[in-house]
Amino acid sequence: MKRINRYIMRQVISVTVFATVVLCIAVMLVQSVRLIDLIVNRGLPITEFAYMASLMVPRFVALVMPIAMFGAMLFTYNRMINDSELVVMRSAGMSTASLAKPGLIAAVLGSVVCLGMTLYTMPKAAQEMRFHVEKNRSQWGAALLHEGRFTTVDSSITLFVKEREGSELFGILYHNQEDPEAPYTIMAERGAVVETESGPRILVVRGSRQTFQDGRLHLVEFDRTVIDIGGPAKGPGPGWQQPEERLLPDLFNPDMDNTNDKYYADKLIAEGHNRLATALLPIAYSVAALAFVLRGGYSRQGNVFSLIGAVAAMILILVGHMSVVSAAGNDLRLWPAIYLNALVPTVVGLFFVLRPRKHRRRSAETAALAAAE
C-alpha cells in the first residue's frame with residue numbers, strides 16, 4: 001500500500017509543480033508589462049528586470065499554488081478512474097479514505113509551503129522590491145534621458161539631452177504641455193537628476209523658460225530650477241510600510257501612534273488573518289476535489305458532473321474567501337469568517353471522503369442484466 005501512496009503522491013505533486021510554474025509564468029508575463037516598458041523605453045538593464053521579476057514569484061506562488069493543487073487532484077484522480085486504476089485498487093481492498101490519504105498528505109505539504117510563502121518569503125520579497133525601487137528610482141529617471149534623442153514621457157512631456165556624463169546632463173530641452181492652454185519650454189545649459197519625496201526630478205542651471213500666450217513669446221531667464229520627469233511618489237506617506245511588506249507580528253500589532261497605521265488598523269489585522277487562512281486553501285480545495293471525484297464512482301459516460309461540482313465548490317470557496325477578507329477589513333468583527341470559509345468546506349468534504357462507502361446489493365434481475373451486457 002505504501003508504494004501505491006507514493007505513486008499517487010508523486011503524480012499529484014508533479015502535476016501541482018508543473019501547473020504552478022505555468023500559472024506563475026503566465027501571471028508574471030501580465031504583471032511584468034510595466035517592467036518591460038522600463039526596458040524598452042527607459043533603458044532598464046535586463047538583469048534588473050530579471051531580479052525584480054523574481055521578487056514577484058513568492059506572491060504569485062501563494063496565489064496560484066492552491067488552485068494548481070486543486071487542478072492536480074482533479075487531473076490525477078480522474079485519470080486514474082478513466083484508466084481503471086482506482087477500480088483495481090478498490091478491488092484490492094482499499095477504501096475511499098485510503099485512496100484519499102496520499103492526496104491529503106500532498107495537500108498538507110502544499111499548505112506548509114503556502115504558509116511559508118505568506119508569512120515570510122512574500123513580505124521579505126516585497127520589502128526588497130520597495131528598497132530596490134527607491135534605490136534605483138533616480139537612476140531610472142536618468143535612464144529616460146537618452147543622449148541626442150527626443151523622449152516622450154506620459155504623452156505630455158518631451159525631453160532632449162545633447163550630452164550626458166554619468167548623472168550630469170548638458171544641453172537640456174524640456175517641453176511640458178500637461179496644460180494644453182499654457183504649455184511651456186525650458187532650455188538649460190546643464191543639469192542633474194535628483195531624488196525628491198515626490199519622485200525623480202532634474203535640477204537645471206543657467207537656462208530660460210519660454211511660454212507663448214496672447215500671441216506673444218514670454219521669456220524668463222533663471223539661474224536654477226527643478227523640472228518634473230515623472231509622476232509623484234505613491235502611498236499614504238513616505239516610509240510607511242505597506243501591508244504586503246509586513247511580517248505577521250507587524251500586521252496584528254499596528255502602531256497606533258502612527259496616523260496611517262491607526263487609520264488602516266482593521267485592514268492590517270484582516271490581512272494578518274488572510275495570511276494564515278490562505279494556507280488552509282490548498283487543503284480546502286483538495287478535499288473538495290476528492291469528495292466529488294472519489295464519491296462519484298465510476299461511470300462509462302465519464303465523471304463530468306463530479307468535475308463540474310468540484311469546480312463549482314472551489315470557485316465558491318475562492319469567492320467567499322475574497323469576500324470575507326474584504327468585509328473583515330471594513331468590520332473586524334467578521335474575522336472568524338475568514339477561517340470558517342475554509343474550515344467548514346474542509347470538514348464537510350472530509351465527512352464524505354472518510355465515511356465508509358455502503359454498497360447496495362443488486363437484485364437477481366439487475367445482476368442478470370449486468371451479466372448479459
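This is a predicted model: local features need pLDDT of at least 70, side-chain atom pairs count only at pLDDT 80 or more; totals for chains, interfaces and linings use all residues.
## The chain as a whole

The protein chain has 13 helices and 6 strands. Of its 373 residues, 41% count as buried. The chain exposes about 21,100 Å², and carbon and sulfur atoms supply 60% of that area.

As for how the sequence folds back on itself, take the contacts between residues at least 6 apart in sequence: 60% of them join residues at least 24 apart.

## Helix 4 against helix 11

Helix 4 covers residues 57–82 and helix 11 covers residues 304–330; the two pack at an angle of about 170 degrees, with their axes 12 Å apart. That angle is over 145 degrees, so helix 4 counts as roughly antiparallel to helix 11. The crossing of this pair is right-handed.

Who does the touching? On the helix 4 side, Ile67, Phe70, Leu74 and Asn78 make the contact, and they meet Leu307, Ala310, Val311, Met314 and Leu318 of helix 11. Sorted by class, the contact of helix 4 with helix 11 comes to 8 nonpolar residues, 1 polar and no charged.

## Helix 11 against helix 12

Helix 11 also packs with helix 12 (residues 335–354), at an angle of about 165 degrees and with the axes 7 Å apart. Here too the pair comes out as roughly antiparallel. The crossing of helix 11 and helix 12 is left-handed.

Helix 11 brings Ile317, Gly320, His321, Val324, Val325 and Ala328 to this contact, while helix 12 brings Trp335, Ala337, Ile338, Asn341 and Pro345.

Asparagine 274 sits in helix 9, which spans residues 265–278. With a relative accessible area of 14%, asparagine 274 falls under the 20% cut-off, so it counts as buried. Leaving aside residues up to four places away in sequence, asparagine 274 touches His321, Val325 and Ile338. Those three names also turn up in the contact between helix 11 and helix 12, with His321 and Val325 on helix 11 and Ile338 on helix 12.

Valine 348 belongs to helix 12. At 42% relative accessibility, valine 348 is partly exposed.

## Asn258 in its loop

Asparagine 258 is in the loop that links helix 7 (248–252) to helix 8 (259–263). Its relative accessible area is 29%, which makes asparagine 258 partly exposed. Tryptophan 240 is 18 residues away along the chain, and the C-alpha atoms of asparagine 258 and tryptophan 240 are 9.1 Å apart.

## Two positive phi angles

A couple of backbone spots are worth a look. Serine 84 is not a glycine, yet it has a positive phi of about 65 degrees. You'll find serine 84 in the loop between helix 4 and helix 5 (85–91). Serine 84 is partly exposed, at 29% relative accessibility.

Arginine 206, also not a glycine, has a positive phi of about 50 degrees. Arginine 206 lies in strand 5, which runs over residues 199–213. Its relative accessible area is 45%, so arginine 206 counts as partly exposed.

Conventions: Residues are numbered from 1 along each chain as its sequence is written. Side-chain values use heavy atoms; hydrogens and water are left out. Helices (H or I, at least four residues) and strands (E, at least two) are DSSP runs, numbered from the N terminus. Buried means under 20% relative accessible area, exposed over 50%, partly exposed in between (1.4 Å probe, protein chains only). Contact means heavy atoms within 4.5 Å. Accessible areas come from the Shrake-Rupley method with a 1.4 Å probe; for residues, only the protein chains shown count as cover. Axes are lines fitted to C-alpha atoms, for helices over the stretch in contact, and angles run from 0 to 180 degrees between N-to-C directions. Angles under 35 degrees count as roughly parallel, over 145 as roughly antiparallel, 65 to 115 as roughly perpendicular and the rest as oblique. A crossing is left-handed if the near helix is turned anticlockwise from the far one by less than a right angle, and right-handed if clockwise. Ala, Val, Leu, Ile, Met, Phe, Trp, Tyr, Cys and Pro count as nonpolar, Asp, Glu, Lys and Arg as charged, and the others, Gly among them, as polar.
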